[in-house]
Every structure is written in structure tokens, then in C-alpha cells.
Amino acid sequence: MRRLRQSFDVVVPALVGVLVAFTVVATSAFTAAIAVPAALVALASGAALWWRRRKPVLVMAITLVGGLVVQLVAPLTVFPLAALVAIGSLAAARSPRFSLPALVLLLGVISLNFRTTTAEDTQFVMAVAVVVCAVGEAVRNRRVALAQAAQRAVGEEQARIARELHDVIAHGVSVIVVQAAAADDVFDQRPDRAREALRSIDATGRATLEELRKLLGAVRPEKRPGLDRLAELVEPLRAAGLHVDVRLDPVPLPAGVDLSAYRIVQEALTNTLRHAHAGRAEVVVRNDSGVLELEVRDDGRGGVAGFGRGITGMRERAALLGGTVDAGPLPEGGFRVHARLPLAVTA
């Protein structure tokens, strides 16, 4: 494709320059002393098209001057070919602030045809110039739209990776910190419990490293965690002393919903472990008429876990799927995270 474009960039200037120069010599109303220099100007205008992608404004100016000379010397040359190519390239490369004034000047050059040809022919050439400019503008708009879409996609991917890193690292490190503290508390009196906590730390650290490896290698199509791995998620939490009761309503889920649901539950339980000083937590997952409902409750100190990056990340995840997350302390004590994720989402 690139080689074809390079060939096109060579052929167009040469073809346009030679064609217009030949037309000037063949149809000139003046002697050779005037026609030949005019033909050289036409040839130079065509050659200038070589730079039309890099310097479209300068090339437009050159082709306008060349087109004016050709119109004056060879009035039967109806189409200012070099300027028509240049206006298309200018509109495709620059905003209307540049292309519209250039189009007006080009229409002024074309209007000289009213002196030598019919009004219909002149108006037709003007219409061609307007269409070429419009096509160039459409190409520019599409290019801008694609660039903006790519920029948005990069921003969304960066935000997604940031959320993934936060969820993975915060969960794993929080579990390790709690288990390390528990091991320190019972190290002298209950060495068996300390060893159990250390083994759990080892397992949690390995699992966290594995998730990080998968996240950093996200360009490869590896299976992402979902609600079917809740048992693996809560096992180290139970080892850290938090009793977690899970009630899961099995339902087929789109991959995006499945991953987001898992991460929301993970973050909610991580907050419970880190901030709430809870002894018990409950996770309920159910399908409510095409909406996946997640509810995570704990019996800790309500109002502490509702702040920080974690809750914001949950809400961002839900919003990307058209869902919502409510989080706050319960009147009877404890903290509740409630998420609603529509299932009608393409993964």
C-alpha cells in the first residue's frame, strides 16, 4: 500500500504537469515567446504537487498562480488540473480556515472561463472544484475522528489497566499484610498458626504475581478471572480470619460483565479486610431480570471503607457497562456495596 502511494505521488505531479504544459503549447493564443514560459510555469505547478502532502498551503499558492497564468495564456484550458488536485490535498490536510479561502481564490481563477467558454461549462468546473474540496474535507474529518477514537481507546485502556493494577495489588498486599500481622501475633504461642499464616502469605503472593503476569501480558488472549473463581478469592480471606459467606446464582455472563463483577467483589472484600475490622462478610450474586446484582455486606465499622480509590474504581467499572454502584454504611452497623450490571453487554 505504501509503495502504491509513493508511485501515485510520483505519477500525479508528472502527469498533471506534462498534460497542462502540452495543453498550453497547443492552445495558446500567443506566440511561442509567451507560450513556452507559460508552459514551463504549468510544468512547475504540476511538479509542485510532489510536496502537496507536506506543504499543502504553499503548493496551493503555487498552483493558483500557475492556474492563473495558464488561463490568461491559454484560455481554452478550462480545467485548472494542478489547482484541483492541490485543493483536495489542502482540504484533507488543513481545517476550513485554510481550505475555504483557497477554494474562493480557485473559483475566482475558474471564473475567467466565463470570457472564453459557455457559462454551463464554467459552472461545471466550479462545481467540480467544490466537490473536490468537500471530498478532501470529508477525508480530513474521518482522519480526525479516527485519531480521536484511537486516543479515547488508549485513555480507556490506560484507565482499565490502572483499575486492574489497583485491584490486583491492593487485594493481594492487603491480604498479605493482615496475614503477616496475624502470624506475628501468634508466633510465640501458636507457631502452627503462624506457619499456616506464612503459607497463606506465600500462596497469596504467588497468586498476586500470577495475576500481575496475566495483566501485563494482556495482549495475549488469556482467560480473565470471573465469578467462577470467587472460591479462590475468598479462601485467603478466610485464612486471614474473615469469615466470608458466598451465595452465587449461576448465570451465563458476557466476559466484560464477568470480569467487572469479580473485580467489584474483590475490591469490596479488600476494603472490608483493610478498613472495616470485620469478622464476617456476605457476598450475594443474583440475576434480576437481565441485571446482575452484587451485594457485599460486612459487620465491621461502617463508614470507613467507603472512601478512596477503590470505590471510585468500582463505579468506573460499572459505568463502563451502563451499571451503577452504591456504597455506604448500614444503619445497623457494617458496610454495604451494591452493584447493578446490565447483562445485555457485548464482551
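Thr204 sits in helix H7, residues 191-216; helices here are DSSP runs of H or I with at least four residues, strands are E runs of at least two, and both are numbered from the N terminus. This is a predicted model, in which local features need pLDDT of at least 70 and side-chain atom pairs count only at pLDDT 80 or more, while totals for chains, interfaces and linings use all residues. Residues are numbered from 1 along each chain as its sequence is written, and side-chain values use heavy atoms, with hydrogens and water left out.

Is Thr204 buried or exposed? Thr204 counts as buried because its relative accessibility is 6%; buried means under 20% relative accessible area, exposed over 50%, and partly exposed in between, with a 1.4 Å probe and protein chains only. Setting aside residues up to four places away in sequence, Thr204 touches Gly172, Val175, Ile176, Gln179 and Pro236 (contact meaning heavy atoms within 4.5 Å).

Next comes the sheet. Five strands make up an open sheet with mixed pairing, in the order S1-S2-S3-S5-S4; two strands pair if DSSP finds at least two bridges between them. At the edges are S1 (243-248) and S4, each pairing on one side only. Ignoring direction, neighbouring strands of this sheet are turned by 10° against each other on average. S1 and S2 run parallel and are joined by six bridges, with Val246 standing opposite Val283 in S2. Helix H8 lies across these two strands and runs at about 165° to S1; axes are lines fitted to C-alpha atoms, for helices over the stretch in contact, and angles run from 0 to 180 degrees between N-to-C directions.

Further along the sheet, S3 and S5 run antiparallel, with eight bridges between them. Leu294 has Ala339 as its bridge partner in S5. S5 also pairs with S4 (residues 324-329), again in the antiparallel sense, over six bridges, and here Asp326 has His338 as its partner in S5. S4 and S5 form a hairpin with five residues between them, and Gly333 in the turn has a positive phi of about 105°.

In soluble globular proteins, nonpolar side chains tend to be buried together. A nonpolar core is taken as a set of buried Ala, Val, Leu, Ile, Met, Phe, Trp, Tyr and Cys residues joined through side-chain atoms within 4.5 Å. The largest one has 34 residues, and Val265, Leu269, Leu292, Leu294 and Leu341 touch the most other members. At least two residues each come from H8 (230-239), H9 (255-276), S2 (280-287), S3 (291-298), H10 (309-320) and S5 (335-342). H9 gives the largest share, eight residues. As for Leu294, its contacts beyond neighbours within four places in sequence include Ala261, Ile264, Val265, Val284, Val285 and Leu341. Another core lies apart from this one, with 22 residues, among them Val59, Leu84, Ile87 and Ala91.

Ile311 is found in H10 and counts as buried because its relative accessibility is 2%. The C-alpha atoms of Ile311 and Glu267 are separated by 7.9 Å, with the two residues 44 apart along the chain. Helix H3 (residues 56-73) has 18 residues and reaches 25 Å from its first C-alpha to its last, close to the 26 Å expected at 1.5 Å a residue; the expected span is 1.5 Å times one less than the number of residues. Among the buried residues of H3 are Val59, Met60, Leu64, Val70 and Val73.
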